[in-house]
Amino acid sequence: MRLNRTLLSVALVVVALVVQVSVLARLQLPGAVPDLLLLTVLGLAFVYGHVSGALIGFGAGILADLAPPADHAAGRYALVLCVIGYLAGLVRPENGQLKSAFGPMAFVVVAAVGTTLLYALVGALVGDTAARHVGLGSLVFTAAVYDLLLAPFVVPLIMGLARRTEKDPVSESAGGDVSAGWLSSGTGLTIGNQRGGLRVRAARNRAARAGRIKGVKRL
């Protein structure tokens, strides 16, 4: 990823993790905890694409696995968010801009349900039973509800910040710098030739006038 993408992604992931651990996790809501980290990964993946989404998801998951009071095997949530970030990048809106809220919000519900189920599946494979006392159905339902309620306030904000690190879509569609496109199409050269021609004509006119003045003086 480019440097500006990396810096913004790290900052947003760290802020989301701090808010989730210090605020959302202490609300003692029934069932699951609102997953601000998941919504942050989704917002970034919707703009940056599947490769960056997978990398951001993996990094965010590693931080969540290591941040206290984590009570599960390290790498478990990293794998889950890596997969979710990759899939979110595959369905990102054109140019990273939302034309309708239905698609992203629907994917938020799918991601919330998929994250919970995949997290439970990975836990079962590694023998992690820390959350067995909570019903899986309750976790899936509450996770979908909480994330869906929080998404309209988080995902558009994350996407708006992420788009600021991207190049102008018009420049990218033109194949790079706009000025380079102008020069390659000949517009800039034409303007330069016109200016050069005007300068030559002006010099010739001044020379002709000077010759006429000298001729008059000689007479």
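What follows is a chat about a predicted model of one chain.

Colleague: Hi! Before we dig in, what are the ground rules for this model?

Modeller: It is a predicted model, where local features need pLDDT of at least 70 and side-chain atom pairs count only at pLDDT 80 or more, while totals for chains, interfaces and linings use all residues. Residues are numbered from 1 along each chain as its sequence is written, and side-chain values use heavy atoms, with hydrogens and water left out.

Colleague: Thanks. How many helices and strands does the chain have?

Modeller: There are nine helices and zero strands. Both are DSSP runs numbered from the N terminus (helices: H or I, at least four residues; strands: E, at least two).

Colleague: And what share of the residues is buried?

Modeller: Of the chain's 219 residues, 35% count as buried. Buried means under 20% relative accessible area, exposed over 50%, and partly exposed in between (1.4 Å probe, protein chains only).

Colleague: How many aromatic pairs turn up in the whole structure?

Modeller: Two aromatic pairs. Rings of Phe, Tyr and Trp (its six-membered ring) pair if their centres lie within 6.5 Å; planes under 30 degrees apart are stacked, over 60 edge-to-face, and the rest tilted.

Colleague: Is Phe46 buried or exposed?

Modeller: Phe46 is buried, at 1% relative accessibility. Phe107 is buried too, with a relative accessible area of 16%.

Colleague: What about Tyr77 and Tyr119: why is that pair called edge-to-face?

Modeller: Their ring centres are 5.9 Å apart and the planes stand at 85 degrees, so the pair counts as edge-to-face. Tyr77 lies in helix α4 (residues 76-90) and Tyr119 in helix α5, so the pair ties together parts 42 residues apart in sequence. Tyr77 is buried, at 9% relative accessibility.

Colleague: Which residue lies over the face of Tyr119?

Modeller: That's Arg76, at 3.7 Å from the ring centre. For a charge to sit over a ring, NZ of Lys or CZ of Arg must be within 6 Å of the ring centre and within 35 degrees of the ring normal.

Colleague: Changing topic: which residues form the nonpolar patch on the surface?

Modeller: Leu79, Val83, Tyr86, Leu87, Leu90 and Val91, with about 500 Å² of accessible area together. Leu79 is found in helix α4 and is partly exposed, with a relative accessible area of 43%.

Colleague: Remind me how patches and areas are defined?

Modeller: Patch residues have over 30% relative accessible area and no salt bridge; like charges are joined within 9 Å, nonpolar side chains (Val, Leu, Ile, Met, Phe, Trp, Tyr) within 5 Å. A salt bridge is a side-chain nitrogen of Lys or Arg within 4 Å of a carboxyl oxygen of Asp or Glu. Accessible areas come from the Shrake-Rupley method with a 1.4 Å probe, and for residues only the protein chains shown count as cover.

Colleague: Last one: where is Gln28, and what is its phi?

Modeller: Gln28 is in the loop between α1 (3-22) and α2. Its phi is positive, about 55 degrees, although Gln28 is not a glycine. Gln28 also counts as exposed, at 73% relative accessibility.
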